[in-house]
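Welcome! Please take a look at the sequence and structure below, and then let us walk through a few features together.

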Amino acid sequence: MVTPDADLFQQIVEGVYDRWNALEDMITAALQKGNKTTPEEPLLRAILLCGAWELLANLDIDAPLILSDYLNVAHSFYDQGESKLVNAVLDSVRVAVR
């Protein structure tokens, strides 16, 4: 297990809070594009929001690295279906913001 980066965690939490509406819009657009419904599960929603924020805010970090990190988080909690959803949504967000 890697030691968590407290500064990065704080940046993510504050960033998601500050850009909540824009992030929700991006996620909703990505879901609609893939004919998916909005996930109601709070943890899955949090993964999508945090991943979208990192893709938007950390342009100096390669997108595949960010996607991989959030896929690992999804795999830790969910089966294949949710992980595929995270991958599809965050990849759509990546295309929109990069």
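Here, contact means heavy atoms within 4.5 Å. This is a predicted model, where local features need pLDDT of at least 70, side-chain atom pairs count only at pLDDT 80 or more, and totals for chains, interfaces and linings use all residues. Residues are numbered from 1 along each chain as its sequence is written, and side-chain values use heavy atoms, leaving out hydrogens and water.

Let us start with glutamate 24, which sits in helix H2 (residues 20-33); helices are DSSP runs of H or I with at least four residues, numbered from the N terminus. Glutamate 24 counts as buried because its relative accessibility is 16%, and buried means under 20% relative accessible area with a 1.4 Å probe, protein chains only. Its side chain makes a polar contact with the side chain of arginine 45 at 2.2 Å. Such a contact is a pair of N or O atoms within 3.5 Å; within protein, one must be able to donate a hydrogen and the other to accept it, and residues adjacent in sequence count only if both atoms are side-chain atoms.

| Residue | In contact with (heavy atoms within 4.5 Å) |
|---|---|
| Glutamate 24 | Arg45 and Leu49 |
| Leucine 23 | Gly15, Val16, Leu49, Ala52, Trp53 and Leu56 |

Leu23 also belongs to the largest nonpolar core, which has 26 residues. A nonpolar core is a set of buried Ala, Val, Leu, Ile, Met, Phe, Trp, Tyr and Cys residues joined through side-chain atoms within 4.5 Å. The largest share of this core, seven residues, comes from H3.

How values were computed. Helix = DSSP H or I, 4+ residues; strand = E, 2+ residues; numbered from the N terminus. Buried < 20%, exposed > 50% of the residue type's maximum accessible area, 1.4 Å probe, protein only. Lists of a residue's contacts leave out its neighbours within four places in sequence.
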